[in-house]
Protein chains: 4
Amino acid sequence: MTRPRLRDLGIEIGTLPPGPLNAITDVPGVWVGHTTVVRDEPRVVRTGVTMIVPRENRVWEDYCFAGWFRFNGNGELTGLPWLEESGMLGSPVAITNTNQVGLVRDAMERFAAEHSVRNGFWLPVVGETWDGWLSDINSFPLTEDDALAALAAAGPGPVVEGNVGGGTGMICHDFKGGIGTASRFCQAGGGAWTVGALVQANYGDRADLRLDGVPLGRLIGCDRVPGAYHEEGSPGGSIIVVIATDAPLIPTQCNRLARRATVGLARAGGVGHDGSGDLFLAFATGNHLPGGQTRRRLEMLDHGEMDPLFTATAEAVEEAILNALCAAETMTGFRGHTAHALPLDAVAEAWAARPW
Amino acid sequence: MTRPRLRDLGIEIGTLPPGPLNAITDVPGVWVGHTTVVRDEPRVVRTGVTMIVPRENRVWEDYCFAGWFRFNGNGELTGLPWLEESGMLGSPVAITNTNQVGLVRDAMERFAAEHSVRNGFWLPVVGETWDGWLSDINSFPLTEDDALAALAAAGPGPVVEGNVGGGTGMICHDFKGGIGTASRFCQAGGGAWTVGALVQANYGDRADLRLDGVPLGRLIGCDRVPGAYHEEGSPGGSIIVVIATDAPLIPTQCNRLARRATVGLARAGGVGHDGSGDLFLAFATGNHLPGGQTRRRLEMLDHGEMDPLFTATAEAVEEAILNALCAAETMTGFRGHTAHALPLDAVAEAWAARPW
Amino acid sequence: MTRPRLRDLGIEIGTLPPGPLNAITDVPGVWVGHTTVVRDEPRVVRTGVTMIVPRENRVWEDYCFAGWFRFNGNGELTGLPWLEESGMLGSPVAITNTNQVGLVRDAMERFAAEHSVRNGFWLPVVGETWDGWLSDINSFPLTEDDALAALAAAGPGPVVEGNVGGGTGMICHDFKGGIGTASRFCQAGGGAWTVGALVQANYGDRADLRLDGVPLGRLIGCDRVPGAYHEEGSPGGSIIVVIATDAPLIPTQCNRLARRATVGLARAGGVGHDGSGDLFLAFATGNHLPGGQTRRRLEMLDHGEMDPLFTATAEAVEEAILNALCAAETMTGFRGHTAHALPLDAVAEAWAARPW
Amino acid sequence: MTRPRLRDLGIEIGTLPPGPLNAITDVPGVWVGHTTVVRDEPRVVRTGVTMIVPRENRVWEDYCFAGWFRFNGNGELTGLPWLEESGMLGSPVAITNTNQVGLVRDAMERFAAEHSVRNGFWLPVVGETWDGWLSDINSFPLTEDDALAALAAAGPGPVVEGNVGGGTGMICHDFKGGIGTASRFCQAGGGAWTVGALVQANYGDRADLRLDGVPLGRLIGCDRVPGAYHEEGSPGGSIIVVIATDAPLIPTQCNRLARRATVGLARAGGVGHDGSGDLFLAFATGNHLPGGQTRRRLEMLDHGEMDPLFTATAEAVEEAILNALCAAETMTGFRGHTAHALPLDAVAEAWAARPW
């Protein structure tokens, strides 16, 4: 019943091999959890929360180095001042709908207050994309328990994609969008590293969608499969990208990695529309940063070794977006709006027709 | 019964004249509102919300140009990606306690959803400082109604300072801190402009406090008035600064103004400690940016005319901090902790003793 | 004898129409000038200077709004502190070889000192890419007169591309690279605007080169046409992108435009390698900023109208890179190194074979 | 004959002890060298070059972590894209006059080409301030040999201050300015560290000058000692600050240190005027970054330990500025302009009169 992933269709893009799960959870210790809220009464709701949880949820005590990039800023990502100042991430990364970023953020404060032994000050990181076309976003449907349930549900292993978690009500390139993930394995500096990406994909025009260069969106068009946004007043979409790696990077290098998500997005057809919040966060688990240390021993991959990680990031982001589109099923929601799934037969057809 | 402001003590600092209220509300259309929550049962609470509201609360429809600066980032300010991307502010600026930034942010989303006619997408700006030494911050005491009450209470006129609104439980230079405000009037580019500052002051060591150069903190010391932070485990303080002007600035220039808050902070004795969230936001009402315009006519003060505004910003921020300290009364709160008020007799004494 | 441009091959990429010259000089008042230095004695030199000159060289007196973006920073662009601070460009933009950025910069100071009536302080903008594989860069071959000759040669009309000016000794995707340009025409905010791009292209791996999605680099391979960089020790390449528009943008919006060059670069196959200086500058001539004004009247295209300019930027940058590759002829230089031209028959072949 | 330094007058500011030389050269391995060019024929020249040279000039092979901050950007500092991208400094830092930044930069390229064994690509860091009131800056008086002579002259030990090197023709708070330096010693993270600062001080109004809070500039006034800038047309000044430490910092932390120079500048009376290039660079020698390593072992002081370094930076910068003013002697130069030395008797008098 579940729709196939891109590679299940025999489509392999990029040059680096994926990890065993082809998911952000290939990075050791990275967990993902979702809460999905779908109901028609009393208000039509298609929303949720997705948590990307480093270090098996011990990130509250053992921070990760992290960086971020704003390709286009029509969106929210909390926790940025400390992320920029310290180059550290001290909480899971949550993604949800635009109106309830605050609720999810404060729920994480509550979790920290109740569970952590470090000190009493957290600045949680929560992003969002807008699902108000399929979900009655002004009903503020989520509760703090929903947010904490996503954290409680987080674990290793395969990641459910498509209409799930924060991605439940999302639309991407005028098809049904949502959560997608992918990973790449690479060698650099005498070591072997995994780079994983998870996206909440809610951006883009139909005509711009590309599959490894094939102009898939134009080939499918809006006649064969109706586009979602034929009406006026859409405030545009967004994409949140979370990148994880086990490479020993310092914060400066996490910023570099985050910036490369732009390449994956551009390959898939993103141009960073004005209405889009295209915000990319990268964290690296290769160094441990537990509390109580006044001087830390670190390892750093030399900058000159980073090209394989850049390629891995671009490829993982590109494939994560396509996986979101492959996984997401047609959904009808608020005001009877319908977002149609990417037609996988058309994908296979376009892929088969390419001459190289 | 209310304590005097700095100028009520006969102390005038800086070279530019203040506006009639010597408050951020001297900038036409800028309103301030507070919700103050002080109770001992069932949990000891000393907290609140302060709203700085541009354009008589029409900022939701008629944006302001804005910019910001992170002098030290151990704090939160939501809404930054769009503020940076667009150079615009589309909501009031709220300040509250660390744990409930999210609640206040979502309350503003709710307000927008219910009241605005623009489109359905806001990214509210909410900052915080940590009041967990005087208030049981992990009781999450505020409600969305508290947040909206601060907005409803906002208006023109004099601004209540000290233990009020978001500043209720704050500590500054080891004295009782809180909300302070000041303004300056200046001439530039053939026009006359007001620059106002409002601070939520919760930072700094006793020994560093200066009054127009006079080392007030060292002169008072901790023997004469006990310092607040003699115990371990304090995660440090923060200061949120909001700067408003009616000058016709573009976003680039708002960033420049925000950066000058550092001068005022440094004069008062701030050094940007690691644990401090020293985040400064500046907005300019001189250009109107209503929805529905595809091309806008703007006015811009030439960069070469900005020095008076830089001086005005530095002076207003410096005096706003001192006003917060003058206004704040001794408070006992959570776990019996007491933060002592700045002794105004000692202030007058130190001022009188200076030879210039 | 001149090689055809991409459109001369019947290849049209993107959705927006180019301007009449399909060059950055389609933006009214934007001039381009080159100095090309090719000699074998006494040292083997393949280098030069390219000047992009806004406002018919009156930019020294009538500044442009401008912004920039660092996709990867392994390169130089002088003048950045004031460009960031003011959002203004007060000189032409020069591009040359890495070692002589300083010489070209100071030559522009000299020009300003001798010709300008504004005031006595300039911060010229000069970028570079490294041509040391084809040119004996450590011979420091250029003189100040060479730099000033490029400025004197600047004018409107068609732009010579390929092995010319600063692009003379450049290599791109392991083919001969250099200078390329393109433009797009778009409608936004009730007006019609031109966006032009000029690149000095010196980056990238053969295998990554794409032609509107077609994997041109893999299709040609290194057997058919030898790659330039089969030897060790290459410090990697770079690309400088200059974007011009006549739209009435403010500095914040120029930054947004500069960031979109990343999309064009990614489409052509760039990933921002560690060794690459991928620096993008955008300027907008739609507002005039002459000296002597203390308050300025500006026009601003609303942010919501910028998507056509984003698309135009991405397309113009993508095509400018491909034009550089089409124009550049095989070159042998320093130490007998040869960089081979892109084989245009293979381009036409690959284009004809695509099924869409 | 040499004027005394601030501490020679018995004036000690701040709370931390200086190093043995009270100079940036207290940081082990940091050298300083000057070339000073003073002549009246054929053109009136008062200029020079100052080089701050990490690691006994082995920084070309063994990079330092580094960061920077633009408090106000009306100035030049080359090499910024790579400094930001990599967090590394791979050359000495040179400071000179505005018009010849390029010459000094290219001279450093030449030095690298001739002397280094690493690879063939450098992006030297050169800053400037404008000395055109005392020196005929449009005569472009320096040669590449002058630049290289400053590097050749660099060594450990006491640093000559005042009218020397890049500071030769500078003016600060309307007194004669120039080069100044100071250092502080502090404990953090179980280690003892030195922080040194060197400034090229060329900024500020007379009335704003402060000596540890004492309003020295107002007390001296312009009647007692004529100010330099009574004429029109001055394009304003600037201050370049270079901060060095032997603490094991990562790049993120070097940025934090650079930002704290603002505190020292504000204490001395700086407000970051529009016409000022207030650019601060910090480097840390505690980690070695030699070429040829693909994975590096680093040490990092925990962020929570950085407050002493922040205090040290603020104090060292404040005292370095005052040392520049103490050292600089009255100078007459271009067009007969005279900049008067800070009257040290007035300094001692004001200091003695303070009541604390």
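Which residues in H5(B) meet which residues in H6(B)? In this predicted model, B:Arg256, B:Leu257, B:Arg260, B:Ala261, B:Val263, B:Gly264, B:Leu265, B:Arg267 and B:Ala268 in H5(B) are in contact with B:Leu309, B:Phe310, B:Thr313, B:Ala314, B:Glu315, B:Val317, B:Glu318 and B:Ile321 in H6(B).

**Helix pairs in chain B**

Two packed helices are described by the angle between their axes and the distance between the axes.

| Helix pair | Residues | Angle | Axis distance |
|---|---|---|---|
| H5(B) and H6(B) | 251–268 and 307–327 | about 45° | 7 Å |
| H2(B) and H3(B) | 101–115 and 144–153 | roughly 65° | within 9 Å |

Helices H5(B) and H6(B) are therefore oblique to each other, and their crossing is right-handed. The crossing of H2(B) and H3(B) is right-handed as well. Where these two helices meet, H2(B) contributes B:Leu103, B:Val104, B:Asp106, B:Ala107, B:Arg110 and B:Phe111, while H3(B) contributes B:Glu144, B:Ala147, B:Leu148 and B:Leu151.

**A sheet in chain C**

Strands of a sheet pair through backbone hydrogen bonds, either parallel or antiparallel. In chain C, six strands form an open sheet with mixed pairing, and their order is E4-E3-E12-E11-E10-E9. Strand E4 (88–89) and strand E9 (178–188) of chain C each have a single partner strand, so these two stand at the edges and one side of each has no neighbour in the sheet. Further in, strand E3 (residues 62–73) and strand E12 (residues 277–290) of chain C run antiparallel and are joined by ten bridges; along this pairing, C:Trp68 stands opposite C:Leu281 in E12(C).

Helices pack on this sheet too. Helix H5 (residues 251–268) of chain C touches E3, strand E11 (238–245) and E12 of chain C, and its direction makes about 40° with that of E3(C). Helix H6 (residues 307–327) of chain C, in turn, touches E9, strand E10 (191–202) and E11 of chain C, with a direction that makes about 155° with that of E9(C).

**Backbone details**

Most residues other than glycine have a negative phi, and most peptide bonds are trans. Against that background, the peptide bond from A:Glu41 to A:Pro42 is cis, with omega near -5°, and A:Pro42 lies in the loop between strand E1 (31–39) and strand E2 (45–53) of chain A. In chain C, a cis peptide bond likewise joins C:Glu41 and C:Pro42, with omega about -5°, and C:Pro42 is in the loop between strand E1 (31–39) and strand E2 (45–53) of chain C. A:Arg55, although it is not a glycine, has a positive phi of about 55°; this residue is found in the loop between E2 and strand E3 (62–73) of chain A.

**How chains A and C are related**

Two copies of a chain are related by a rotation about an axis and a shift along it. Chain A is superposed on chain C by a rotation of 180° with 0.0 Å of shift along its axis, giving an RMSD of 0.0 Å. The two copies are thus related as by a two-fold rotation axis. Among the residues of chain A, A:Gly213 comes closest to the rotation axis, with its C-alpha at 1.8 Å. Of the interface residues of chain A, 100% are also interface residues in chain C, so the copies meet through the same surface.

**Confidence of the prediction**

The average pLDDT of chain A is 95, and 96% of its residues score at least 70. For the complex, the predictor gives an ipTM of 0.97 and a pTM of 0.98.

Key: Residues numbered from 1 in each chain as written. Chains lettered and ligands numbered in written order. Predicted model: local features only at pLDDT ≥ 70, side-chain atom pairs only at ≥ 80, totals over all residues. Heavy atoms only, no water. Pairing = 2+ DSSP bridges. Helix = DSSP H or I, 4+ residues; strand = E, 2+ residues; numbered from the N terminus. Contact = heavy atoms within 4.5 Å. Axes fitted to C-alpha atoms, helices over the stretch in contact; angles between N-to-C directions. Least-squares fit on C-alpha atoms with pLDDT ≥ 70 in both. pLDDT = per-residue confidence, 0-100. Parallel < 35°, antiparallel > 145°, perpendicular 65-115°, else oblique. Left-handed = near helix turned anticlockwise from the far one by under 90°.
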